[in-house]
Amino acid sequence: MKRFVILGGGYGGLTVAHALLEGELPDDTVVVLIDRMPFQGLKTEYYALVAGTSPEVDLRVAFPSDPRLIVTYGEVTDINLDEKHIVMAGQEPLSYDWLVVALGCTDKYHGIEGAELHSNSIQTMASSRKTYMALNDVKPYGQVSIVGGGLSGVEVAAELRESRPDLNIRIIDRGPSILSAFPGKLQEYVSSWFIEHEVEMRGHVSLHKLEDGVLYDANSTSPILSDVTVWTAGIQPVALVQRMNLPKDNQGRLIINEHHQLPDYNDVFIVGDCASLPFSPSAQAAEGQGKQVAEVMQAIWTGKTPKLGKIKLKGTLGSLGKKDGFGLMGRATMLGRVPRLVKSGVLWMSKHHFG
């Protein structure tokens, strides 16, 4: 049997698996999905897990059950592109005929001393569990600092405010404003929400060092005290991809061709946060790539030339607790309850494999 191996059961990898199984899979080919966990974790909702407003079970999606799919659990430690096999911790190497690398991302600490050691992550379900426990153990009137004023940081801060009204919460960013990549009207709306709900926003902070309970700003002589610090200040591809000696963009993401393949290894596809794309990493982008990888394979299996269109992103949705939110659909800004309801609907669709 030929093996189509998918590394990572997140948004991109799972979309590839579903699309292949829904199409015409050759009789001599089996799909192998490899992940550390026995389910997909809905990463875009981990902010609710760390804040304690959603139980972990609500953020799990079962992998498909299909006789043409083999699900294997383990930690991938290396990929031998020339010999076409992957190495897994404590297991025999696994050969492949085609490979999808959809292993996602990890935190980027920008060389800040002590950042990884003295902050809490939301990049995996395991790290989110630990962050939830750390936040849950903060005593009333304690101080929580969230480093990074992008979408993840804003959602964590808002959800935590709803969960723990007794805490002091601040968002720290090196820029002048939260959500700096979004239109001014949207920034102002979210800033007003934070002011109303007593979440401190501290901009123009250039962190250069973290210690236990203390953050140091290069622009100030006064240390920033914090009982728990949550890191949402940037991402980068996982360590395995970082080690790969292949062409990458300035974000460390692997350069791919128009069919999402490595230029020198056309049997290897790169999907999601590990791939160099013309837009920011997102679940939508990973799913869009996943569908197209399946299209490429269907063309290859039927002896046709793949013809792909452009991946079209529908927009961005963010939550401010369970009843408020914001969104950007093309150039249209959405504010208030409607985008929050839409986000809930998108989550429901994702859990039930409707994209």
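Visitor: Which residues have the most contacts inside the largest nonpolar core?
Guide: Val-154, Val-190 and Phe-194 have the most contacts inside this core of 30 residues. A nonpolar core is a set of buried Ala, Val, Leu, Ile, Met, Phe, Trp, Tyr and Cys residues joined through side-chain atoms within 4.5 Å; buried means under 20% relative accessible area, exposed over 50%, and partly exposed in between, with a 1.4 Å probe and protein chains only. This is a predicted model, in which local features need pLDDT of at least 70, side-chain atom pairs count only at pLDDT 80 or more, and totals for chains, interfaces and linings use all residues. Residues are numbered from 1 along each chain as its sequence is written, and side-chain values use heavy atoms, with hydrogens and water left out.

Visitor: Which helix gives the most to this core?
Guide: Helix α4 does, with 5 residues. Helices (H or I, at least four residues) and strands (E, at least two) are DSSP runs, numbered from the N terminus.

Visitor: And what does Val-190 touch?
Guide: Leaving aside residues up to four places away in sequence, Val-190 touches Val-154, Ile-178, Leu-179, Leu-320 and Phe-326; contact means heavy atoms within 4.5 Å.

Visitor: Turning to α3, which of its residues are buried?
Guide: They are Met-125, Ser-127, Ser-128, Thr-131 and Leu-135. Seen down the axis of α3, they fall within an arc of 150° (taken from the directions from the helix axis to the C-beta atoms), so they line one face of the helix.

Visitor: What is exposed on the other side of α3?
Guide: Lys-130 and Met-133 are exposed there.
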